[in-house]
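Reader: I'm new to this one. Can you put it up and take me through it?

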Amino acid sequence: MFSFCSDPSLLDGLTWLSCYLTTGKHLMFYQSFGTVIILLAVTAPSALLFGFGGATLARSRLFPLRWIGKIYISAVRGVPDIAFFLFFVIALDQGFEWLRHQAFCPDWPDAIRQGNDFVVCTAAKLPLGNSPQYVHEIYGFFTAVLTFAIVFGAFAANVLYGAMRAVPKAQIETAQAYGMGQGQVFRRILIPQMWVYALPGLSNLWMVLIKATPLLFLLGVEDIVYWARELGGTKQAKFSAYPHEDWRMQYFLFLLVFYLTFTKLSEIVLERVMKRLTHGQGTLGGVT
């Protein structure tokens with residue numbers, strides 16, 4: 001913060017506003033935008049990886065693998081996102097701690113599940129109680145990414161599964177007639193051509209993922225919506241050096257502009273990618 005901000009009561013106008021917007025909490029608010037962008041940058045390829053794995057399993061010739069893929073797609077897509085986030089993070093965290101408990105404390109005499117309490121030895125806690133704060137934040141972010149990837153991976157799997165089935169069978173049969181094996185057909189014919197059919201659905205999924213980032217708060221991550229509500233609420237003079245009225249409307253309008261700008265840029269990029277993928281491809285309306 002600037003040196004002249006040491007006594008906010010003596011400030012007015014733009015000087016007061018500049019000092020107010022550079023407080024420690026506001027800096028954390030600005031950092032939370034980076035958290036959202038990093039989450040999207042990591043989650044998108046992770047969800048695509050889960051989706052590709054789920055789609056591949058769902059079209060497998062082996063019944064157990066096909067069953068696993070279809071159960072994953074149907075089960076995750078059939079549960080409301082909020083319910084899944086609230087339940088799965090707790091289950092995931094307890095699952096990690098249970099595995100560590102079995103490894104580090106095999107002679108533990110007490111039951112792990114004690115009524116509504118889940119009790120493991122100190123060494124099995126994740127993260128450890130004496131870990132620095134940044135370790136707790138990284139762990140929370142990791143669980144958030146994994147949860148988002150699993151949820152949106154199921155939707156991506158459904159899109160990719162449909163895209164794989166949309167590739168004309170004549171092309172696959174032609175490749176087989178040239179002597180290509182199943183693996184070669186999958187890598188050289190099916191995968192390169194399915195993206196044209198998958199991109200519209202994946203584009204919609206990307207937009208939904210952007211809009212779902214406020215759910216980070218449910219996972220214990222202080223996101224931009226959390227800080228907008230925290231900073232915009234009424235602040236009284238005896239509790240804050242920068243008292244103000246209820247400014248949540250202004251903060252949320254700022255978030256509205258941010259999300260609209262982000263989605264518009266995404267639309268531009270995705271449109272260019274679509275044009276590149278379909279360049280020279282024949283359609284009912286002619287060659288694009």
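Reader: What does K264 form a salt bridge with?
Author: K264 pairs with E267, and the closest N and O atoms are 4.0 Å apart. This is a predicted model, so that distance is computed from predicted coordinates.

Reader: Where do K264 and E267 lie?
Author: Both are in helix 9 (residues 248–277), three residues apart, which is about one turn of the helix.

Reader: How many salt bridges does a search of the whole structure find?
Author: Four. One of them joins K25 and E230, with 3.6 Å between the closest N and O atoms.

Reader: Which parts does that pair tie together?
Author: K25 lies in helix 2 and E230 in helix 8 (residues 224–232), so the bridge links parts 205 residues apart in sequence. K25 is partly exposed, with a relative accessible area of 40%, and E230 is partly exposed at 29%.

Reader: What about R248 and D246?
Author: Their side chains meet in a salt bridge, 2.6 Å from N to O. R248 is partly exposed at 37% relative accessible area, and D246 is partly exposed at 36%.

Reader: Switching to the inside. Which residues touch the most other members of the largest nonpolar core?
Author: F29, F148, F152 and I224, out of 64 residues in that core. Helix 5 (residues 133–166) gives the most to this core, with 14 residues.

Reader: What is F148 in contact with, leaving aside its neighbours within four places in sequence?
Author: Its contacts include L39, T43, F85, L209 and L219.

Reader: Last topic, confidence. What is the mean pLDDT of the chain?
Author: It is 83, and 91% of the residues reach 70 or more.

Reader: Which element has the lowest mean pLDDT, and which the highest?
Author: Strand 4 (residues 286–287) has the lowest, 47, and helix 2 (residues 24–58) the highest, 91.

Reader: Where does pLDDT stay under 50?
Author: Over residues 282–288, for which the model has nine contacts beyond four places in sequence. Where pLDDT is low, the predicted coordinates should not be read in detail.

How values were computed. Residues are numbered from 1 along each chain as its sequence is written. This is a predicted model: local features need pLDDT of at least 70, side-chain atom pairs count only at pLDDT 80 or more; totals for chains, interfaces and linings use all residues. Side-chain values use heavy atoms; hydrogens and water are left out. pLDDT is the predictor's confidence in each residue, from 0 to 100. Helices (H or I, at least four residues) and strands (E, at least two) are DSSP runs, numbered from the N terminus. Contact means heavy atoms within 4.5 Å. A nonpolar core is a set of buried Ala, Val, Leu, Ile, Met, Phe, Trp, Tyr and Cys residues joined through side-chain atoms within 4.5 Å. Buried means under 20% relative accessible area, exposed over 50%, partly exposed in between (1.4 Å probe, protein chains only).
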